[in-house]
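Q: Could you walk me through this model while I have it open?

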Amino acid sequence: MRAQLVQPNVVVSVRDQKLMLLDNGGNAAVYPISTSKFGLGDRWGSMATPLGTLQVAQKIGDHAPVGAVFHNRRFTGEILQPNTPGRDPIITRIIWLRGLEAENAHAYDRAIYIHGTPEEKTIGRPASYGCIRMKSSDVSSLYAQLSIGAIVQITADHLPKVSRAAKGTLVSTPTHAVFTVDSSKPGAEKASVTPLAPKTSVAPTKKSDSSAWLRNARA
């Protein structure tokens, strides 16, 4: 079987409560987020945030105003300001995720989204009911840069380490998860993470631990 290459477009760190947007494995934007206050998992009724490799299945909210309230994934016509007392609906944008692994197979039917929240004061700590919450301005920016099928990796570990370029752009060492079949075990897969060779020679640097968020990825 021919090896396949998988690389996340987004990495979500539950430990850091942050989301990193990757651009060809290099340029990155980092946003504060909020995962579930009920912990991690994909059990029905758990209201937990699933881990592993997922992809963007649907995007809802094109051109909706910032603060637009959604009910059953439809804009109600109402607009909320940040931290409106007593209100906690889904607002601004919906990025609906589909799980690609057994450990997150229910994510789509459980309606696990990346979405905006009016409770911006809770961003930075676990406070959601399973989804990944963002500030309205941040989810609008992320939404505009993600396409259907984009890969989202949710990890319990820290975000991969990045270095800051001279102009202030965040960059990370590009890596790919390479999957091959173990012929001794039909159907089994073996995964390894291989750094991409740089286009130009550079001085040796400390080995990045960015492979942590790809360790469990599957084709």
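**Around a loop alanine**

A: Leaving aside residues up to four places away in sequence, Ala107 touches Asp42, Pro50, Leu54, Leu97, Gly99 and Ile112. Please keep in mind that this is a predicted model.

Q: Where is Ala107 found?

A: Ala107 is found in the loop between E8 and E9.

Q: Buried or exposed, and why does Ala107 count that way?

A: Ala107 counts as buried because its relative accessibility is 0%, and the cut-off for buried is under 20% relative accessible area.

Q: How far is Ala107 from Thr49, in sequence and in space?

A: Ala107 and Thr49 are 58 residues apart in sequence, and from C-alpha to C-alpha they are 8.7 Å apart in space.

Q: Changing topic to rings, how many aromatic pairs are there?

A: The count comes to 4 aromatic pairs. In one of them, the rings of Phe38 and Tyr129 have their centres 5.8 Å apart and their planes at 45°, so the pair is tilted.

Q: Which parts does the pair of Phe38 and Tyr129 tie together?

A: Phe38 lies in the loop between strand E4 (27-32) and strand E5 (52-60), whereas Tyr129 lies in the loop between E9 and E10, so the pair ties together parts that are 91 residues apart in sequence.

Q: And what about the accessibility of Phe38 and of Tyr129?

A: Phe38 counts as partly exposed, at 38% relative accessibility, and Tyr129 also counts as partly exposed, at 43%.

Q: What about the rings of Trp96 and Tyr108?

A: The ring centres of Trp96 and Tyr108 are 4.2 Å apart and the planes are at 10°, so this pair is stacked. Trp96 lies in strand E8 (residues 90-99) and Tyr108 in the loop between E8 and E9, so the pair ties together parts that are 12 residues apart in sequence.

Q: Buried or exposed, for Trp96 and for Tyr108?

A: Trp96 counts as buried at 7% relative accessibility, and Tyr108 is buried with a relative accessible area of 18%. Trp96 and Tyr108 also form one aromatic cluster together with Tyr113.

Q: Which charged residue lies over the face of Tyr108?

A: That is Arg98, at 4.2 Å from the ring centre of Tyr108. Elsewhere, the charged end of Arg93 sits over the ring of Tyr143, 5.4 Å from its centre.

Q: What does Arg93 have to do with His115?

A: Arg93 is among the residues that His115 touches, when residues up to four places away in sequence are not counted; the others are Ile90, Ile91, Ile94, Cys131, Ile132, Arg133, Met134 and Val139. His115 has its place in strand E9 and counts as buried, at 4% relative accessibility.

Q: What about contacts between residues at least 24 apart?

A: Such contacts make up 65% of those in the protein chain that join residues at least 6 apart in sequence.

Technical notes
Residues are numbered from 1 along each chain as its sequence is written. This is a predicted model: local features need pLDDT of at least 70, side-chain atom pairs count only at pLDDT 80 or more; totals for chains, interfaces and linings use all residues. Side-chain values use heavy atoms; hydrogens and water are left out. Rings of Phe, Tyr and Trp (its six-membered ring) pair if their centres lie within 6.5 Å; planes under 30 degrees apart count as stacked, over 60 as edge-to-face and the rest as tilted. Helices (H or I, at least four residues) and strands (E, at least two) are DSSP runs, numbered from the N terminus. Buried means under 20% relative accessible area, exposed over 50%, partly exposed in between (1.4 Å probe, protein chains only). A charge sits over a ring if NZ of Lys or CZ of Arg is within 6 Å of the ring centre and within 35 degrees of the ring normal. Contact means heavy atoms within 4.5 Å.
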